[in-house]
Amino acid sequence: MATASMQPELKGVVIISLPPPDHPNEGKTVCAAFTVRGGGGGSVQQQQRQQLPQQQQQIPNPNPRRPFLSRRRARLRKATAILFVSAVALAIWHWTPYSGFDSRPNEDDDDSKVGVYTLYPKYGNNYHGPVEDKPALKLGAFVDRDTTRNNVPPATSTSSSTAFTIQGNVYPDGLYYVSMLIGNPPKAYHLDVDTGSDLTWIQCDAPCRSCAKGPHALYKPKKSQLVSCMEPMCVSVQAGDGYECTSTSEQCDYEIEYADHGSSMGVLARDNIRVLLTNGSIVRTNFVFGCAYDQQGSLAVSPAVTDGVLGLSSSQVSLPSQLASQGLTKNVIGHCIAGDERDERDERGGGYMFFGNDLVPVWGMTWVPMLGKPAMKLYYVGNANMKLGNRPLVADDLKNKLGGVVFDSGSSFTYLTQTAYSAFVSAVKENLFGGGLVQDLSDTTLPLCWRARHPIRSIADVKPFFKPLTLDFGGNPWLIKTKQFDIPPEGYLVISQSQSNVCLGILNGSEVNNGATNIIGDISLQGHLIVYDNAKNQIGWAHADCHKPPNKIKAFPFFV
């Protein structure tokens with residue numbers, strides 16, 4: 001019978017050295033030493049053995065001198081096989097939807113640093129009214145301010161944040177936001193994710209003239225944080241050439257007007273922002289943003305569930321551009337907005353967003369060039385032919401009259417030009433004729449709503465009546481598949497919760513952006529990973545499960 005003294009015994013020590021506070025990205029150092037002693041008290045020495053790889057046995061060629069014709073046929077068969085395999089692989093690559101992420105091979109490369117944030121819906125579930133009562137469209141533009149100056153005496157102290165939790169989706173909840181840590185000490189602020197806006201701004205007590213009551217206390221700047229009107233960042237937020245600046249002590253004023261007729265006025269400020277990178281390090285850096293003390297229109301409505309707007313355009317003053325100029329990330333933005341319909345996990349809404357190119361898939365993306373750069377700050381990709389099902393909305397010779405396309409995460413719904421909208425609605429109604437759906441004029445949720453014989457509980461109940469909308473951007477003749485952006489019925493339909501009808505989430509954009517542009521908003525971006533690569537001036541997309549972010553994502557907890 002074995003005794004306790006006969007049991008092997010392991011003794012040792014482990015030393016863990018933490019990284020210095022000023023260089024947290026250097027990682028930990030782990031050192032270990034141990035001995036194993038047998039039951040007889042003798043030390044058991046472990047030997048390392050190195051096994052050399054066995055040499056492969058060379059098999060002599062049974063026919064070292066094949067006839068010339070036979071060798072030629074063998075080479076021909078080999079070349080034919082390679083061409084066949086290549087063609088099959090290319091076909092699979094073009095027709096296989098993207099469902100996962102391929103990581104970059106070198107995670108230590110500075111170019112692969114990515115700041116990642118989790119997306120949260122903006123509005124609460126308690127709203128069931130008409131969509132016209134909610135801000136659904138951004139597309140901000142700076143206003144010429146050469147005739148008006150506003151001297152704002154800033155406050156000198158910071159304020160604590162308040163607790164506020166939001167859940168929701170595109171409808172009835174509205175836009176999406178991220179929580180950003182700004183200031184020293186850092187405070188959490190909820191910001192609208194808006195690729196159609198240049199400047200990031202936060203409601204500000206400087207003091208505030210007109211501010212909505214938001215989820216957190218107003219940001220309070222110090223006088224030393226104000227940006228001088230002589231700095232280059234100030235020039236980038238001025239719409240006209242007549243902006244006068246005579247002294248470095250003068251503050252930089254700005255004013256933004258949005259397509260939904262809301263506006264924001266303030267001064268530029270500079271403060272710290274904390275960014276968690278995918279390599280686990282936390283970076284604290286300065287960035288310039290708007291201290292907004294005067295909101296009008298939809299932005300002044302209380303209670304507001306965001307503290308401001310996160311500008312993500314290609315402008316110099318946008319947050320991704322500023323991080324890229326400091327060498328923290330590449331000027332690449334990605335977002336994935338989950339659909340409103342509940343999936344097999346009973347999840348809806350939400351999603352994720354990232355800065356940098358480390359999480360951009362290597363395969364499965366469709367890319368089109370951005371047009372109008374660098375003057376165009378919006379993400380504009382030019383004209384596209386449109387089809388509902390297999391039916392073109394207009395003839396090929398009228399394609400140019402449909403208007404160009406802009407991707408805008410700041411718009412809840414999709415807006416088409418008058419020509420495109422009229423053709424789309426006509427085709428939808430033609431497909432619905434005699435199908436059991438009747439237009440309900442009493443439902444004011446959206447301009448066009450239909451009722452069925454029984455209450456409609458989900459888009460799946462009526463999906464057979466609607467066809468996918470396809471935006472065809474063409475492509476090179478040698479490509480197997482053209483460059484298409486597919487919008488399924490759930491990408492343009494919403495369920496009216498008040499009357500259990502189905503409504504059209506594509507609206508008439510004849511009064512948006514001079515009526516010449518089609519705006520692809522959140523409802524049609526659902527279920528897609530959208531990547532804005534400002535470094536290469538291209539936009540890419542792929543179908544994706546936005547409830548399943550890549551495993552490499554490291555994000556701050558959601559701050560309320």
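This is a predicted model: local features need pLDDT of at least 70, side-chain atom pairs count only at pLDDT 80 or more; totals for chains, interfaces and linings use all residues.
Biologist: Which residues have the most contacts inside the largest nonpolar core?

Modeller: Phe407, Phe424, Phe466, Phe485, Tyr492 and Ile539. That core has 75 residues.

Biologist: And which helix gives the most to this core?

Modeller: Helix H4, residues 418-432, with 8 residues.

Biologist: What is phenylalanine 485 in contact with, leaving aside its neighbours within four places in sequence?

Modeller: Its partners include Phe407, Leu469, Leu471, Phe473, Ile520, Leu525, Ile530 and Trp541. Thr470, Ser524 and His528 are also in contact with phenylalanine 485.

Biologist: Switching to cysteines. How many disulfides does the structure hold?

Modeller: There are 6. Counting bonded cysteines along the chain, the pattern is 1-8, 2-3, 4-6, 5-7, 9-12, 10-11.

Biologist: Where do cysteine 204 and cysteine 291 lie?

Modeller: Cysteine 204 is in the loop between S7 and H2, and cysteine 291 is in strand S10, 87 residues apart. They are joined by a disulfide with an S to S distance of 1.7 Å. Both cysteine 204 and cysteine 291 are buried.

Biologist: Is that disulfide of cysteine 204 and cysteine 291 left-handed or right-handed?

Modeller: Left-handed, because the torsion about the S-S bond is about -55 degrees. For cysteine 208 and cysteine 211 the torsion is about 115 degrees, so that disulfide is right-handed. The sulfur atoms of cysteine 208 and cysteine 211 are 1.8 Å apart.

Biologist: Cysteine 208 and cysteine 234, buried or exposed or partly exposed?

Modeller: Cysteine 208 is partly exposed, with a relative accessible area of 24%. Cysteine 234 is buried, at 0%. Cysteine 234 forms a disulfide with cysteine 252, the sulfur atoms being 2.1 Å apart. Cysteine 234 lies in helix H2 and cysteine 252 in the loop between H2 and strand S8, so this pair ties together parts that are 18 residues apart in sequence.

Biologist: Now rings. How many aromatic pairs does the structure hold?

Modeller: 11 of them. One is tyrosine 219 with phenylalanine 289: the ring centres are 5.2 Å apart and the planes are at 85 degrees, so the pair is edge-to-face. Tyrosine 219 sits in the loop between S7 and H2 and phenylalanine 289 in strand S10, so parts 70 residues apart in sequence are tied together.

Biologist: Which residues form one aromatic cluster?

Modeller: Tyr189, Tyr219, Phe287 and Phe289. Of these, tyrosine 219 and phenylalanine 289 are buried.

Biologist: Last topic, charges. How many salt bridges are there?

Modeller: 4 in the structure. Glutamate 430 and arginine 391 meet in one of them, at 2.9 Å, N to O. Glutamate 430 is in helix H4 and arginine 391 in strand S17, 39 residues apart.

Biologist: What about aspartate 205 and lysine 220?

Modeller: Their closest N and O atoms are 3.9 Å apart, and the cut-off for a salt bridge is 4 Å. Aspartate 205 and lysine 220 are 15 residues apart, in the loop between S7 and H2.

Biologist: And which residue does lysine 463 form a salt bridge with?

Modeller: Glutamate 490, with the closest N and O atoms 3.3 Å apart. Lysine 463 is in the loop between strands S21 and S22 and glutamate 490 in the loop between strands S23 and S24, so the pair ties together parts 27 residues apart in sequence. Lysine 463 is partly exposed at 36% relative accessibility, and glutamate 490 is partly exposed at 29%.

Note on methods: Residues are numbered from 1 along each chain as its sequence is written. Side-chain values use heavy atoms; hydrogens and water are left out. A nonpolar core is a set of buried Ala, Val, Leu, Ile, Met, Phe, Trp, Tyr and Cys residues joined through side-chain atoms within 4.5 Å. Buried means under 20% relative accessible area, exposed over 50%, partly exposed in between (1.4 Å probe, protein chains only). Helices (H or I, at least four residues) and strands (E, at least two) are DSSP runs, numbered from the N terminus. Contact means heavy atoms within 4.5 Å. A salt bridge is a side-chain nitrogen of Lys or Arg within 4 Å of a carboxyl oxygen of Asp or Glu. Rings of Phe, Tyr and Trp (its six-membered ring) pair if their centres lie within 6.5 Å; planes under 30 degrees apart count as stacked, over 60 as edge-to-face and the rest as tilted. A disulfide is a pair of cysteine sulfur atoms within 2.5 Å.
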